[in-house]
Each structure stands twice: as structure tokens, then as C-alpha cells.
Amino acid sequence: MRVRIKIRILACLAIMIAICMMSGCMSRKEQDRRNEELVAAYPEEVKAYLEERYGREFCVDPKPIGRGGSPIPFASEDYFTCKYVAWENEEDGYAFWTEVYPVSLKDNRIAEIKDNYCWKFVSRIIKEEFSARWREVAEEDTKIVMDTYSSIRFGETLDEDSEIKEAIESITVPALLDISIICPPGLGLSEEELCNELEVITNDFYEEYMQGSPHRLWVRVYETYTKEDFLKIEPEKSEQYFWKVKESTYKDNSGFPVELKLKARVNINK
């Protein structure tokens with residue numbers, strides 16, 4: 001009799017375990033299906049976020065550019081982010097990166113969305129600052145192109161009216177600002193004079209706006225081979241090509257439409 005009771009108990013336990021396993025499997029499948037739906041809706045969520053934040057229309061490429069890992073160094077790999085290219089909804093609208101941060105790998109509801117649209121305005125005021133400083137050295141026209149080598153991230157308080165120091169302090173991940181000052185031929189300065197002047201300009205800018213930050217600053221001076229080449233430079237277009245948010249239309253997929261001569265460089269890697 002006791003044996004039969006034990007057998008019945010074991011049979012009941014086996015049935016209960018099987019039911020729990022089936023229930024858990026169905027629950028996981030339901031969560032996976034839900035997560036797929038959430039990820040598929042990311043582009044529309046990004047679009048709504050951008051339009052609410054900036055008060056204008058945007059387009060978002062529905063195809064993510066891969067999945068990144070955690071934005072926190074040395075964090076668990078049990079996490080992902082989705083990057084999308086977005087652009088102003090107008091002809092040749094400014095393009096930039098956006099990134100979606102989900103709650104977790106298992107829960108793909110959106111925890112946060114970040115974008116670098118403000119780089120359009122930040123880079124503009126930094127370039128104006130360098131142009132003004134350069135005009136004190138040489139009277140020639142310049143075109144300034146900026147690259148960051150990554151999808152730079154800003155804090156939520158930044159907007160198009162922010163000042164340079166506020167913008168740089170708002171960068172949430174250590175960045176490299178790579179500034180190219182491009183001049184037409186005939187600078188009229190010796191190599192030594194050019195290097196000395198560039199070092200002063202770069203150090204002054206760093207001390208005024210970047211001192212104490214984790215960011216690096218590289219500044220280079222280039223000269224075009226002809227005045228016609230100089231006129232072909234389009235800074236905003238080159239910057240978007242460097243960021244790979246737009247496909248380059250220049251030869252060999254270059255960021256510049258012409259060849260340039262490097263005349264001087266200063267790197268601050270504090």
C-alpha cells in the first residue's frame with residue numbers, strides 16, 4: 001500500500017513539474033514575442049521622442065545599425081542598445097545618431113533614448129570660436145571640419161542655445177574633438193610660426209572650455225592645393241560622412257572631396 005502511495009505522490013510531483021516547465025516555457029515565449037514587438041517599435045518611439053524634444057519633424061531609419069553592448073565600461077554583457085540614423089525631414093536634412101537603451105536584455109521596454117542632434121549647433125559655435133581665433137593669426141578664409149570618431153552623447157539639458165563650456169560639460173562619455181582648420185594655398189606663415197600659433201590657439205581653447213574634463217582635443221591645419229579645391233570643401237557634409245550617418249559621395253568614400261596638405265598639428269590628450 002505504501003509503495004502505491006509513494007508512486008502516486010511521485011507521479012503527481014512529476015506532473016506538477018512538467019506543468020511548471022511548460023508554463024515557464026510559454027511565459028518565456030510570450031516575453032520573447034513581446035520583446036520583438038517592443039524592438040520593432042523603437043524607430044517610431046525614437047521619432048516621437050525627437051519631435052517632442054526639438055519641436056520639428058524627423059525621419060528615422062527603421063533598420064538599426066547593429067546592437068551595441070552596455071554603455072558602461074566593464075559592465076555585464078547581458079545588455080544591448082540599438083543605434084539608428086535619424087535626420088531632419090527636409091531635403092538634405094541634417095543626419096545624426098540616436099540610441100535606444102532598454103530596461104534590460106529580458107525586458108526591452110525603453111528606459112532611455114539619447115541623441116546627438118545638438119552636435120549640429122555645438123559644432124557650429126566651436127567652429128565660429130576657432131575661426132575667430134584663427135583670424136587673429138591669418139587673414140585668409142578658413143573652413144573648419146569637426147569629427148568626434150564616435151556617436152557623442154549629450155545630457156538632456158543641452159539645446160541649440162547652449163554655450164560652448166556647457167555643451168562640452170554635457171558630454172556624458174569621454175570624447176575626442178578632432179578639429180581640422182582648412183585654408184586656401186598661400187598661408188604666408190613659416191612652419192615654425194604656424195606651429196607656434198596653432199599651439200597657442202589650441203591650448204587657450206582647451207584651458208577656457210575643456211580644462212578638467214576627460215575629453216581630448218586634436219587640432220590640425222591643412223592647406224588645399226588650389227583655391228578651387230578650397231571652394232569644394234563642405235564642412236557639414238564632411239562631418240556627416242565621418243560619422244557615417246550619410247554615405248560619402250566623394251572619391252574612395254573619403255570624408256573630403258579633395259586632397260589636403262597637413263601643415264601643423266597639436267594634440268592635447270590630458
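Me: Is K237 buried, partly exposed or exposed?

Reply: K237 is partly exposed, with a relative accessible area of 25%. Buried means under 20% relative accessible area, exposed means over 50%, and partly exposed is in between, using a 1.4 Å probe and protein chains only. Note that this is a predicted model, where local features need pLDDT of at least 70, side-chain atom pairs count only at pLDDT 80 or more, and totals for chains, interfaces and linings use all residues. Residues are numbered from 1 along each chain as its sequence is written, and side-chain values use heavy atoms, with hydrogens and water left out.

Me: Which residue does K237 form a salt bridge with?

Reply: E234, with the closest N and O atoms 3.4 Å apart. A salt bridge here is a side-chain nitrogen of Lys or Arg within 4 Å of a carboxyl oxygen of Asp or Glu. E234 is partly exposed too, at 38%.

Me: How many salt bridges are there in the whole structure?

Reply: The search finds 17. Some are linked: R56, E88, E90 and K120 belong to a network of salt bridges.

Me: What about R33, which residue does its side chain meet?

Reply: The side chain of R33 meets E37 in a salt bridge, at 2.4 Å from N to O. Both residues lie in helix α1, residues 2-40, and are four residues apart, about one turn of the helix. Helices (H or I, at least four residues) and strands (E, at least two) are DSSP runs, numbered from the N terminus. R33 has a relative accessible area of 37% and E37 has 38%, so each is partly exposed.

Me: And E169, what is its partner?

Reply: K165, with the closest N and O atoms 3.7 Å apart. This pair lies in helix α4, residues 164-170, again four residues apart. E169 counts as exposed at 56%, whereas K165 is partly exposed at 35%.

Me: New topic. How many residues of strand β6 are buried?

Reply: Five of its five residues, which are 143-147. K143, V145 and D147 point one way, and I144 and M146 point the other way.

Me: Which strand does β6 pair with?

Reply: β7, residues 176-183, in the antiparallel sense over five bridges. Two strands pair if DSSP finds at least two bridges between them. In this pairing, K143 stands opposite I182.
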